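Here are my notes for your first look at this chain. Keep the viewer open and work through the points in order.

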Amino acid sequence: MAKPARKIARDRGASLRFWGVRGSTPTVDKDTWRYGGNTACVELITPAGARVILDCGTGLRMLGRHLDATLESERIESHIFVTHYHWDHIQGLPFFSPLYEEQNLLHFYSFRSEYLGADSLKRVFEAQMAYPYFPVNLSAMAAQREFTEMNGGAGVRVPGARVTARWLHHPQGCLGFRFETDAGTIVYATDNEPGNPQLDQSMRELAAGADIFINDAQFRPEELATTRKGWGHSSWLEGVKIAREVGVKNLVLFHHDPDSADKVVDSLLRDARGHFPNVWAAAEGMTMTLGDEHLDVVMPSVRQGLRRDANFRARVTGLTDSGHVFEEETVISDLTFHGALIHLGHCPKLQSELQVQLDNPGIGGTSNSPLRLRGYVVRIEPDPDKEHTAVGIVFTE
Ligand SMILES: [Zn+2]
Ligand SMILES: [Zn+2]
């Protein structure tokens with residue numbers, strides 16, 4: 001028999017976890033792995049231990065797997081707020097495993113769309129799972145589902161949070177949500193284009209004094225002013241303006257463009273920090289915990305990398321927390337290996353394995369044992385030096 005739903009203890013803090021941060025469509029390009037390719041889905045645990053889910057993009061599937069793995073047979077109860085019905089905010093629904101377990105209770109909140117009519121979100125479920133778009137019939141979704149309609153200005157309570165909704169400026173409508181908790185205020189406002197005076201004001205009221213303000217930052221400011229004008233999205237610059245005007249403490253750039261490689265998101269974040277210090281770029285797996293007047297941000301561990309102990313000398317330059325440039329010599333003691341380009345006199349077979357042994361220079365004359373790695377050949381190219389071949393390898397072991 002299933003165990004009752006468990007309250008999640010969080011020492012009266014409020015914690016956020018990002019399961020999908022991408023806008024428009026998921027991406028699996030390797031250049032987007034670091035921030036992640038799943039579409040919008042954020043989990044909020046309130047100080048009372050209630051689980052809130054913001055949007056149901058493809059990140060929702062990962063959250064479902066996580067709940068299955070951590071809660072085992074416990075009953076799952078969640079409050080799920082859907083901002084609007086574009087694909088990138090609903091596509092994870094048919095793949096959310098807790099929907100298929102009878103014992104679970106899921107409360108959904110969203111608005112009545114003029115295109116879908118009454119029970120809009122129910123219509124979405126029916127449409128997504130209609131033949132021939134999905135192999136499983138809707139009747140397989142055995143979880144108890146409750147639907148609440150919300151409009152701009154509406155408010156509801158969930159355990160540990162007072163929730164208010166406001167309309168945002170986006171094609172076919174979109175809601176932003178504000179969660180006021182004992183640990184602080186979190187505002188989730190994605191899919192919004194600035195430029196409508198009434199809705200711009202509404203956005204400011206929604207964001208006023210927020211500890212964490214999650215905002216659409218899909219485009220560069222110059223794109224938003226030209227080629228992407230009218231597409232329904234925003235930029236880091238608009239987020240920074242709002243943050244400054246209404247006393248937001250931390251701004252999170254969200255809804256990254258699927259064509260923005262990690263390096264592009266890095267540059268947007270750098271630009272934003274030049275104008276407002278407390279900016280973060282949402283990344284899959286990133287957690288933010290509010291409590292005791294401070295915010296803890298933890299980044300996910302680097303995806304899939306082999307680790308070897310090492311003692312490589314290195315010179316490091318960077319920026320301190322307070323924005324000062326520093327430079328220092330150090331020793332790299334733990335290095336992650338993804339791959340390498342090596343130059344060989346032989347030509348190994350593509351998709352074959354290579355054993356690679358790296359010298360580990362050590363410090364102060366002490367010699368370390370060499371690093372032994374197994375590589376898999378993914379690329380063979382002519383080398384500028386005619387005697388050699390350039391061999392691209394990915395380390396597997
Ligand atoms: Zn979107
Ligand atoms: Zn949208």
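1. **The eight-stranded sheet.** Eight strands make an open sheet with mixed pairing, in the order S6-S5-S4-S3-S2-S1-S14-S15. Strands here are DSSP runs of E with at least two residues, helices are runs of H or I with at least four residues, and both are numbered from the N terminus. Two strands count as paired if DSSP finds at least two bridges between them. The edges are strand S6 (144-149) and S15, each pairing on one side only. On average, neighbouring strands of this sheet are turned by 20° against each other, direction ignored. Such angles use axes, which are lines fitted to C-alpha atoms (for helices over the stretch in contact), and run from 0 to 180 degrees between N-to-C directions.

2. **What you are looking at.** This is a predicted model: local features need pLDDT of at least 70, side-chain atom pairs count only at pLDDT 80 or more, and totals for chains, interfaces and linings use all residues. Residues are numbered from 1 along each chain as its sequence is written, while chains are lettered from A and ligands numbered from 1 in the order in which they are written.

3. **The whole chain.** The protein chain has seven helices and 21 strands. Its C-alpha atoms fill a box of roughly 70 × 50 × 45 Å, taken along the principal axes. Buried residues make up 39% of the 397 residues. Buried means that 20 or more other C-beta atoms lie within 10 Å of the residue's own; exposed means 12 or fewer, and partly exposed is in between, with C-beta atoms placed from the backbone. Among contacts between residues at least 6 apart in sequence, 64% join residues at least 24 apart. A contact needs C-beta atoms, placed from the backbone, within 7 Å.

4. **Two domains.** The chain is divided into domain 1 (14-298) and domain 2 (307-395). These bounds come from an automatic or database domain assignment. The two centres, taken over C-alpha atoms, are separated by 39 Å.

5. Is strand S15 buried or in the open? Of its five residues (294-298), the number buried is zero, so S15 lies largely in the open. Five bridges join S15 to strand S14 (residues 287-291), and the two run antiparallel. Find Gly291: it stands opposite His294 in S15. Two residues separate the strands of this hairpin, and Asp292 in the turn has a positive phi of about 50°.

6. **S2, S3 and helix H1.** Strand S2 (residues 41-45) and strand S3 (residues 51-54) run antiparallel, joined by four bridges. Leu44 stands opposite Val52 in S3. Helix H1 (residues 59-71) lies across strand S1 (14-20), S2 and S3, and runs at about 120° to S1.

7. Most residues other than glycine have a negative phi, and most peptide bonds are trans. Ser24, in the loop between S1 and S2, has a positive phi near 70°. Ser24 is buried, with 20 other C-beta atoms within 10 Å. Asp55 lies in the loop between S3 and H1. Asp55 also has a positive phi, of about 70°, and counts as buried with 28 C-beta neighbours inside 10 Å. A cis peptide bond joins Tyr131 and Pro132, with omega about 0°. Pro132 is found in the loop between helix H3 (120-128) and S6.

8. **Helix H7.** Which residues of H7 are buried? They are Val265, Leu268 and Ala272. Seen down the helix axis, these buried residues fall within an arc of 60°, so they line one face of H7. The arc is that of the directions from the helix axis to the C-beta atoms. Their cover includes helix H6 (236-246), strand S12 (250-254) and strand S13 (279-281). Now check the length. At 1.5 Å a residue, the twelve residues of H7 (262-273) should span 16 Å, and the end C-alpha atoms are 16 Å apart, which agrees. The expected span is 1.5 Å times one less than the number of residues.

9. **The four-stranded sheet.** Another open sheet has the order S18-S21-S20-S19, with antiparallel pairing. Its edge strands are S18 (339-344) and S19 (353-358), each pairing on one side only. The twist averages 45° from one strand to the next. Six bridges join S18 to strand S21 (residues 389-395). Ala340 stands opposite Ile393 in S21.

Note on methods:
Contact = placed C-beta atoms within 7 Å.
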